[in-house]
Structures are given as structure tokens and as C-alpha cells.
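Subject: Structure handover

Hello,

Please find the structure below, with notes on what was found in it. The notes follow the model part by part.

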Amino acid sequence: MTSPPRTDIILYTSGTPNGQKASITLEELGIQYEVKNIEINKNVQKESWFLQINPNGRIPAIVDKNPAPNGHVREKRIFESGALMLYLCQRYDPQNQLNYPYDTDEYWEGQANHFYRYAPEKIEYGIKRYQTETRRLYQVLEDRLAEQQAKKAAAGSNEDPWIVGDRMTIADIANFAWVNWAEWAGIDVKPFELLNQWLDRINERSAVKRGLDVPEPFVMKEKLKSKEGEEEYAQHHSRWVMKGQEADQKKHG
């Protein structure tokens, strides 16, 4: 296996599910990159300099300063986590470690948090509505993993199932980044047996562990082990979420 190329990439991110999609992808590909911690609790993502990178004012985003294949010097701005993951794979994953070749069969194959953790009023309808929707989506993933497992069994294989194909890809990373925050949305993953096993497999990967700790240590799961830690973590994040929402309402309402 050839070594990944030296790169000149800056990742602008924060420790959220979408931010972790980007950092985990970079770590899994072994890409060298620089991290800029965007303090969303201070609304840094809305500052004019960042809006030059992502006009939508959201993380994650990257600036890729590597020359184009023809040698042309440029700075390419990529934002939105899905687009960013696809870009990194298409540009820096020629061996398709985290993706499949274009047009193959395999290639084509967060509201609950707000109401449960951040809203100043605990609106029971909103909590139940989005937790129910999240559980429905978890069941979709559970069913998909069961389908993949059945296919492997029919082929005489006892390998663990993945969402697409026979190995972990960016499809798994994109879903993992949100499922890994399940308890923060007040949802227990354990009833979804295959999904829970899939979650554990991904969490055990060394590159994933590194990616989760970008740009700062991922402490949510540890905090939720105690009532005091849970309340402290919730209060801290609730303040900046509601502050950002108030600023948006004032500007755009």
C-alpha cells in the first residue's frame, strides 16, 4: 500500500457529529492536516472571515492548498460534511479505502438533540416526535445491517456487516457520527443489536478514536455517566445553541 500524499489542508471544525465526520475521514485516510478550532459557542462560524470559507456559516469546512493535478496553484474551499467526505475520497483515496469506484453498485447503494437537550422549554411533543423519528432511522440502519449480514451468510461468510459492501466506508462514518451521540438525544441503542455491535466496531478503530478527539477531547459519553456531569455538559451546550438561535432570529426573523 502506498503512503498517503503529503497535503496542505486546513480543517475548520468543532466537536460535533458533523465535525467528527470530517476529522474521522481525514484520520482514516492518513491525511496530514492542520486543525482550526471554531468556537461555535462564541459564534465564530458567523464571523466575516469564516463566511469567506463557508458562506453558510457552518462547520466543518476545509481549505485545500495543494496544487491541482495540472500543477496549478490554488486554494479550494470545501464545506458541508457530505461534500467534504466525497471530495477527500475522490482526491486522496485512489485505492478506494473508504469508498467504491464511481458508478459501481456499491457506490450508489439532529432535531431530537435540540428538543431534548437545548430548548429552554421542554416541549413534550417535540421531544417525542424527534426521538421517535430517530428510533425509526435506527431501525432502518438495523434492517440494512441485517440484510448485509444475511447476504454474507448466504455466501458462506461470517464477517461483520457494514452499510455498503464488505468494509467500512464513508457511508458508515456519516451515520456513525450521529448514532454515536444517541444517548445525548435520550435514546438507547442497545435494543438495536446489530447497530450496537456496528457502533462498537467503529469506536474501536484507532483512527476513529483520533478523529473523535478533534479539535478537543470527546468527553460527552464520560460526562453522561453522572448526573452532575450530564447537567454541566447540557447547560454549557444549551447556552451557546440558544444564543446562536437568538442571533439568527434577530437577523433573519
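How many of the five residues of β1 are buried? Five of the five are, so β1 is largely enclosed by the rest of the structure. Buried means under 20% relative accessible area, exposed means over 50%, and partly exposed lies in between (1.4 Å probe, protein chains only).

Before the rest, two notes on the source. This is a predicted model, in which local features need pLDDT of at least 70 and side-chain atom pairs count only at pLDDT 80 or more, while totals for chains, interfaces and linings use all residues. Residues are numbered from 1 along each chain as its sequence is written, and side-chain values use heavy atoms, with hydrogens and water left out.

Overall

The protein chain has 11 helices and four strands. Helices (H or I, at least four residues) and strands (E, at least two) are DSSP runs, numbered from the N terminus. Of the 253 residues in the protein chain, 45% are buried. The chain's accessible surface is about 14,000 Å², and carbon and sulfur atoms account for 49% of that surface. Accessible areas come from the Shrake-Rupley method with a 1.4 Å probe, and for residues only the protein chains shown count as cover.

Strand β1

Ile-9, Leu-11 and Thr-13 point one way from β1, while Ile-10 and Tyr-12 point the other way; all are buried. Two strands pair if DSSP finds at least two bridges between them. Strand β1 runs antiparallel to β3 (residues 61-64), joined by four bridges, and Tyr-12 stands opposite Ala-61 there. Strand β1 also runs parallel to β2 (residues 34-37), again with four bridges, and Leu-11 has Val-35 of β2 as its bridge partner.

Aromatic rings

A pair of aromatic rings is described by the distance of the centres and the angle of the planes. Rings of Phe, Tyr and Trp (its six-membered ring) pair if their centres lie within 6.5 Å; planes under 30 degrees apart count as stacked, over 60 as edge-to-face and the rest as tilted. By this rule there are seven aromatic pairs. Why is the pair of Tyr-12 and Phe-50 edge-to-face? The ring centres of Tyr-12 and Phe-50 are 6.2 Å apart and the planes are at 70 degrees, so the pair falls in that class. Tyr-12 belongs to β1 (residues 9-13) and Phe-50 to helix α2 (residues 48-51), so the pair ties together parts that are 38 residues apart in sequence. Tyr-12 and Phe-50 are both buried. Tyr-87 and Tyr-92 form another edge-to-face pair, with 6.5 Å between centres and 80 degrees between planes; both of these residues are buried. Ring pairs also link Tyr-12, Trp-49 and Phe-50 into a cluster.

Two rings have a charge over them. A charge sits over a ring if NZ of Lys or CZ of Arg is within 6 Å of the ring centre and within 35 degrees of the ring normal. The charged end of Arg-167 is over the ring of Tyr-100, 4.2 Å from its centre, and that of Arg-201 is over the ring of Trp-162, 4.7 Å from its centre.

Nonpolar cores

A nonpolar core is a set of buried Ala, Val, Leu, Ile, Met, Phe, Trp, Tyr and Cys residues joined through side-chain atoms within 4.5 Å. The largest core has 49 residues, and those that touch the most other members include Ile-62, Leu-88, Tyr-138 and Trp-198. Elements that each supply at least two residues of this core include β1, α3 (81-92) and α6 (124-154). The largest share, six residues, comes from α3. A second, separate core of 10 residues includes Tyr-12, Ile-40, Ile-59 and Val-63.

Trp-162 lies in the loop between α6 and α7 and counts as buried at 10% relative accessibility. Contact means heavy atoms within 4.5 Å. Leaving aside neighbours within four places in sequence, the contacts of Trp-162 include Gln-148, Arg-167, Trp-198 and Arg-201. Gln-148 is in helix α6 and is buried, with a relative accessible area of 5%.

Regards
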